[in-house]
Amino acid sequence: VMNITIIGAGRLGKLLVRNLKENFYISIFDPFLKEQEFVGDSTFAGVKRIDKQSFASVAKSEFIVLCVPMREFESVVRQLAVTLQNETTKTIVVDTCSVKSFAVEAMKTHLPANVSILGTHPMFGPDSAKETVFGQKMVLTPERISHKDYRDVKSYLQKFGLTLIEASAEEHDKQIAHSLFMAHAFGQLVLTTEAGKLEIDTLGYKRLLRITETVRNDSFQLFEDMYLFNPYAKDVFLKLEQGMSELRLKLNKA
């Protein structure tokens with residue numbers, strides 16, 4: 001049974017723990033995870049916790065999955081690179097960032113050449129995959145990984161019923177700037193109007209509220225990081241602003 005270390009015990013990290021711990025030896029590292037929180041959360045039952053003093057032990061894992069905010073990502077990768085520098089264990093480092101160009105470049109720049117790199121973006125979260133990940137999408141960006149290892153990873157993920165999409169980091173970021181970032185932008189905009197459930201509503205309005213619920217459960221930091229690190233997000237946001245201005249002009253002329 002392989003060892004997997006998940007770095008980051010946030011909402012996505014916990015979701016991965018729940019789905020992986022039956023098939024792997026799972027370790028979790030998160031300097032912000034308090035002992036009482038770790039012990040009191042059934043999600044971590046059977047999971048080993050790695051503390052700051054024993055961080056170097058993560059280098060013994062066959063897989064290291066990074067579930068950290070983008071603004072902290074490069075710092076974590078640098079720290080990880082030091083522990084992997086002289087390690088002989090065959091290691092594959094996997095990221096889960098919603099921006100691939102930035103994440104992949106950071107891993108290529110800092111991680112030792114003997115470490116394999118696989119970019120991923122699970123197109124689901126704790127809300128959409130609360131019951132099951134079956135039928136959900138996951139993007140794979142194979143950057144520095146052998147054909148056999150990549151095939152084995154895909155085969156395992158497909159057992160969960162995931163739809164796997166292979167894409168370059170650039171293509172991922174172009175599309176996600178419209179699909180995910182734009183959805184979050186709309187959700188944030190609707191939140192500013194203090195929209196809530198109404199007796200007199202429409203199906204379209206209910207759909208808008210569903211978007212706001214997803215956005216509300218995710219941190220604003222995620223939305224901000226997508227804006228800061230995705231090279232295509234600012235253009236999408238600008239087009240939304242221009243669209244609102246053009247719409248206002250049309251209404252004023254009516």
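In this predicted model, Ile-211 touches Ala-183 and Gly-187, leaving aside residues up to four places away in sequence. Ile-211 itself belongs to helix H7, which covers residues 203-217. With a relative accessible area of 31%, Ile-211 is classed as partly exposed, because that class lies between the limits of 20% for buried and 50% for exposed residues.

Eight strands form an open sheet with mixed pairing, in the order E3-E2-E1-E4-E5-E6-E7-E8. Its edges are strand E3 (48-50) and strand E8 (163-166), each of which pairs on one side only. From one strand to the next, the twist averages 25°. Helix H1 (residues 11-20) packs on this sheet, where H1 touches strand E1 (3-7), strand E2 (25-29) and E4. The direction of H1 makes about 165° with that of E1.

Two of the strand pairs can be described in more detail. E1 and E2 run parallel and are joined by five bridges, with Asn-3 standing opposite Tyr-25 in E2. Strand E2 is mostly covered, as four of its five residues are buried. Strand E4 (residues 63-66) pairs with strand E5 (residues 92-95), again in the parallel sense, over four bridges. Here, Phe-63 is found opposite Ile-92 in E5.

Phe-186, Leu-189, Met-244, Leu-247 and Leu-251 together make a nonpolar surface patch of about 490 Å². Two helices, H6 (169-192) and H9 (233-253), each supply at least two residues of this patch. The most is given by H9, with three residues.

Methods: Residues numbered from 1 in each chain as written. Predicted model: local features only at pLDDT ≥ 70, side-chain atom pairs only at ≥ 80, totals over all residues. Heavy atoms only, no water. Patch = residues over 30% accessible without salt bridge, like charges linked within 9 Å, V, L, I, M, F, W, Y side chains within 5 Å. Areas by Shrake-Rupley, 256 points an atom, 1.4 Å probe, with all protein chains shown as cover. Salt bridge = Lys/Arg side-chain N within 4 Å of Asp/Glu carboxyl O. Pairing = 2+ DSSP bridges. Axes fitted to C-alpha atoms, helices over the stretch in contact; angles between N-to-C directions. Contact = heavy atoms within 4.5 Å. Buried < 20%, exposed > 50% of the residue type's maximum accessible area, 1.4 Å probe, protein only.
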